[in-house]
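Let's take a friendly walk through one protein model, a piece at a time. Have the sequence and the 3D view ready.

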Amino acid sequence: MSFLQPAGPTIELGINIDHVATLRNARGTRYPDPIRAALEAEEAGADVITLHLREDRRHIRDDDVRAIRPLLQTRMNLEAAVTKEMIDFACLIKPQDVCLVPEKRTEVTTEGGLDVTGHFADVQSAIRQLQQERVRVSLFIDPDVQQIQAAAESGAPVVELHTGRYADATSEQEQQEELERIRIAVQAGIKLGLKVNAGHGLHYTNVQAIAAIPEIAELNIGHAVVAHAVFVGWRNAVSEMKAIMVKARLEATKPGTKA
C-alpha cells in the first residue's frame, strides 16, 4: 500500500506501461526500459502495474512480461485478447490479474469494451482456464447494464468499465451524460457482487469525477502519465496522478457530501 493511500475509503491506481515500450520500440533501442518504469511506478505509489500484450506486439513483448512478473511488489494486471495464444501465455505467466479485452490490429488504441453477450461461450471458457491457474479475471466492458449482467453470469469477479466516451466527450452535457451512464453501471456491478474498476482516456483534468465515485476500486491509466512524464519526470507523473485520485475520493466521501 502506498504512503498516499488514505485510511478511509480507498481507490487504487494501476499504471499502464505500454507506451514506455512504444517509445523504446520506435527507435529499436533498449530504452526506455518498461521494467524500470514498472518498478519506479510502484515506488511512486502505483498499486498495480498494467500491461497489454497485443497480438502484433506493437509495444509490450513476451520477454517484458516474463521479466516484470517476478520483480513486482504489487500486482501485475495483464491485458489480453480472448485468443488461445494469449490465454495459454497468461496461464504460463500467472499474473495476479488478467483483464480480457477486445482487440483489432487496425485500431490505435482499444476502441470499446468487450462484447461479452456476443462472445459469451469463448469468454466463459477463457475465464475458466485462467481461474484453474488461480488467476483473477476482469472483463473490460462498456458501461452497459446488459454487458455487466453477462459478465457476472460468465463467472468473472471483476469488470473494468471503459471510460473512453466520457473522456472523449466534446461538451459538458455529453460528458455529464456519460458520467451518469458510468455511475449507473457501477451500481449495477456492485449489486451483482462484482468488483468494479474503470479506465481508458483518463488524464489529470478529467479523472476527478470518476475517482470520486465511491464504489470504483481501481483506475488504470497509462498514456496520460507517460505524456506528463516528459515534462515532470516519471515518478512525479505517477505520484501526481495518485494524489489527484486520492483527493477526489476523500472529498467525495466526506460526511455530508452528496455523491
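## Ground rules

A residue is called buried when its relative accessible area is under 20%, exposed when it is over 50%, and partly exposed in between, using a 1.4 Å probe and protein chains only. This is a predicted model, where local features need pLDDT of at least 70 and side-chain atom pairs count only at pLDDT 80 or more, while totals for chains, interfaces and linings use all residues. Residues are numbered from 1 along each chain as its sequence is written, and side-chain values use heavy atoms, leaving out hydrogens and water.

## The cysteines

Start with Cys99: with a relative accessible area of 0%, Cys99 is buried. Cys91 counts as buried too, at 9% relative accessibility.

How many disulfides are there? The count is zero, where a disulfide means a pair of cysteine sulfur atoms within 2.5 Å. For Cys91, the closest cysteine sulfur belongs to Cys99 and sits 15 Å away, so that is too far for a bond.

## A helix and its surroundings

Next up is α10, which covers residues 223–232. Helices here are DSSP runs of H or I with at least four residues, strands are runs of E with at least two, and both are numbered from the N terminus. Ala224, Val225, Val226 and Ala229 of α10 are buried. Among the elements covering the buried residues of α10 are β1 (12–16), α1 (18–27), β8 (216–221) and α11.

## Where two helices cross

How do α10 and α11 (residues 234–252) cross? Their axes come within 7 Å and cross at roughly 125 degrees. Those axes are lines fitted to C-alpha atoms, for helices over the stretch in contact, with angles from 0 to 180 degrees between N-to-C directions. That angle makes α10 oblique to α11; under 35 degrees counts as roughly parallel, over 145 as roughly antiparallel, 65 to 115 as roughly perpendicular, and the rest as oblique.

On the α10 side, Val225, Val226, His228, Ala229 and Val232 meet Trp234, Asn236, Ala237, Val238, Glu240 and Met241 of α11, with contact meaning heavy atoms within 4.5 Å. Sorted by class, the contact has eight nonpolar, two polar and one charged residues.

## A buried glutamine

Finally, look at Gln124 in helix α5 (residues 120–132). Is Gln124 buried or exposed? Gln124 counts as buried, at 17% relative accessibility. Setting aside neighbours within four places in sequence, Gln124 is in contact with Glu153 and Ser154.

Conventions. Nonpolar A, V, L, I, M, F, W, Y, C, P; charged D, E, K, R; others polar.
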